[in-house]
Amino acid sequence: LNKMAGDVAPGDWQGGINITYRIGGSLVEALEGGKITVEVNNKMEQRVSSNVIGIIYGEVEPDRYVMIGNHRDAWGFGALDPSSGTAPIMEVVRVLGEKMKSGWRPRRTLMFLNWGAEEYKLLGSREFVEQYEVQLRERGVAYLNTDICMTGPILTPTASPTLGHLIVEATKDITSPEHDDESYYD
């Protein structure tokens, strides 16, 4: 790394090795045109990574599924991805669990899906869909993915065209993060 040329990386990008971290793909002038060999020592292991699934069966349409999901594995420390998406799911489950104690049940079946091995080729969700493809196609109503659901004050939702209008209406009920007297929509 100390043989890299290029601009000095920002201060918060400087790491723990006693060198100046730089941004760029070239080498210092003395090594320009040279060749670098990188040795990577990975330990190849087979691991089990399970999905965690919770279900609240619907009262009126138990064969119709509304799904909310996120993964739980992370390449880094996981505060933003995936924990910012997992925390809201856990809170929704907690609140609905309290409601169920009073006899409440949702109209449709709610499925809470916590995927394993998402960072490695979406394995958990892919295996689930492949196993239950027919049921999901016939009974699935909606899937809300909460992966990286909080990244700051700018709302950047995505949805299929059939659900887009719901997001627009929801932003009218959310207070603006910048002006308490306005909705996010305003």
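Select glutamate 169 and lysine 172, whose side chains form a salt bridge with the closest N and O atoms 3.2 Å apart (a salt bridge being a side-chain nitrogen of Lys or Arg within 4 Å of a carboxyl oxygen of Asp or Glu). This is a predicted model, in which local features need pLDDT of at least 70 and side-chain atom pairs count only at pLDDT 80 or more, while totals for chains, interfaces and linings use all residues. Residues are numbered from 1 along each chain as its sequence is written, and side-chain values use heavy atoms, with hydrogens and water left out.

Glutamate 169 is partly exposed at 41% relative accessibility, and lysine 172 is partly exposed as well, at 36% (buried means under 20% relative accessible area, exposed over 50%, and partly exposed in between, with a 1.4 Å probe and protein chains only).

Glutamate 61 counts as buried, at 19% relative accessibility.

Move on to lysine 101 and glutamate 98, a salt bridge in which the closest N and O atoms are 3.0 Å apart; here lysine 101 is exposed at 65% relative accessibility, whereas glutamate 98 is partly exposed at 43%.

For the surface, select Ile36, Val38 and Val40, which form a nonpolar patch with about 320 Å² of accessible area together (patches are made of residues with over 30% relative accessible area and no salt bridge, like charges being joined within 9 Å and nonpolar side chains, namely Val, Leu, Ile, Met, Phe, Trp and Tyr, within 5 Å; accessible areas come from the Shrake-Rupley method with a 1.4 Å probe, and for residues only the protein chains shown count as cover). Isoleucine 36 is found in the loop between strand S2 (22–23) and strand S3 (52–56), and its relative accessibility of 52% makes it exposed.

Finally, show the whole protein, which has four helices and six strands, and whose C-alpha atoms fill a box of roughly 75 × 50 × 30 Å along the principal axes.

Methods
Helix = DSSP H or I, 4+ residues; strand = E, 2+ residues; numbered from the N terminus.
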